[in-house]
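Hi,

Here is the structure I promised to pass on.

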Amino acid sequence: MSTILLVEDESQQREVLAMMFESEGYTVTGVSSAEEALTHLTTTVPQLVVTDVKLGGVDGISMFELCRQQERLSNLPFIFITGYNDPEAIERVTLLGSADYITKPYELEMLLSRVKKQCPPGGANPTGRA
């Protein structure tokens, strides 16, 4: 089963996204901060991280950079959601690879299609190779 780590500090938004992903067959762990996410990632590596950029404390991009410094997390795909269309931030995450960047407002179906592209439900390999 495909797993998503959802990092969103707004509880209502986190619940809506978690329900949407779960209805598509994903197993979702929702946390409210990058610090919680980093703690979770010490023991469990999901297939995908979906995170807000602006979080209290460590922001989503800094969390991504910290993950890239750890060999076991260096290829973990991320999808960033933000209300700020920041070209520098987009370039920063793009250079580190394995990331997608979605600005608010967005259509839930568009987000879901990007999630499915990075992490097909049910754990299927998107390349079709073992």
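Below is what turned up, starting with how to read the values.

This is a predicted model, so local features need pLDDT of at least 70 and side-chain atom pairs count only at pLDDT 80 or more, while totals for chains, interfaces and linings use all residues. Residues are numbered from 1 along each chain as its sequence is written, and side-chain values use heavy atoms, with hydrogens and water left out.

**The cores**

A nonpolar core here is a set of buried Ala, Val, Leu, Ile, Met, Phe, Trp, Tyr and Cys residues joined through side-chain atoms within 4.5 Å. Buried means under 20% relative accessible area, exposed over 50%, and partly exposed in between (1.4 Å probe, protein chains only). The largest such core has 21 residues, and those touching the most other members are Leu5, Val7, Val49, Met63, Cys67, Phe78 and Phe80. At least two residues of this core come from each of β1 (3–7), α2 (34–41), α3 (60–68), β4 (78–82) and α4 (87–96). Those labels are DSSP runs numbered from the N terminus: helices are H or I with at least four residues, strands are E with at least two. There is also a second, separate core of 18 residues, with Ile4, Tyr26, Leu111 and Val115 among them. As background, nonpolar side chains in soluble globular proteins tend to be buried together.

Met63 sits in helix α3 and, at 0% relative accessibility, counts as buried. Leaving out residues up to four places away in sequence, Met63 touches Val7, Ala34, Ala37, Leu38, Val49, Thr51, Val58 and Phe78 (contact means heavy atoms within 4.5 Å). Thr51 is 12 residues from Met63 in sequence, and their C-alpha atoms are 9.4 Å apart.

Angles under 35 degrees count as roughly parallel, over 145 as roughly antiparallel, 65 to 115 as roughly perpendicular, and the rest as oblique. A crossing is left-handed if the near helix is turned anticlockwise from the far one by less than a right angle, and right-handed if clockwise. For residue classes, Ala, Val, Leu, Ile, Met, Phe, Trp, Tyr, Cys and Pro count as nonpolar, Asp, Glu, Lys and Arg as charged, and the others, Gly among them, as polar.

- α2 and α3 pack at about 20°, with axes 10 Å apart, so they are roughly parallel. Their crossing is right-handed. Ala34, Ala37, Leu38 and Leu41 of α2 meet Met63, Leu66 and Cys67 of α3. By class that contact has seven nonpolar, no polar and no charged residues.
- α3 and α4 have axes that come within 11 Å and cross at roughly 15°, which makes them roughly parallel. This crossing is left-handed. The contact is made by Ile61, Ser62, Phe64, Glu65 and Arg68 of α3 and Ala89, Arg92, Val93 and Leu96 of α4. Its classes are five nonpolar, one polar and three charged.
- α1 (residues 11–23) and α5 (residues 108–118) pack at about 55°, with axes 11 Å apart, so α1 is oblique to α5. The crossing of α1 and α5 is right-handed. Leu17, Met20 and Phe21 of α1 touch Leu108, Leu111, Leu112 and Val115 of α5, giving seven nonpolar, no polar and no charged residues.

Still in α1, you will find Val16, which counts as partly exposed at 36% relative accessibility.

Most peptide bonds are trans. The one from Lys104 to Pro105 is cis, with omega near -5°. Pro105 lies in the loop between β5 (99–103) and α5, and Tyr106 is found in the loop between β5 and α5 too. Is Tyr106 buried or exposed? At 15% relative accessibility, Tyr106 counts as buried. Apart from neighbours within four places in sequence, Tyr106 is in contact with Gln13, Leu17, Ile81 and Leu111.

Over to you!

Methods:
Axes are lines fitted to C-alpha atoms, for helices over the stretch in contact, and angles run from 0 to 180 degrees between N-to-C directions.
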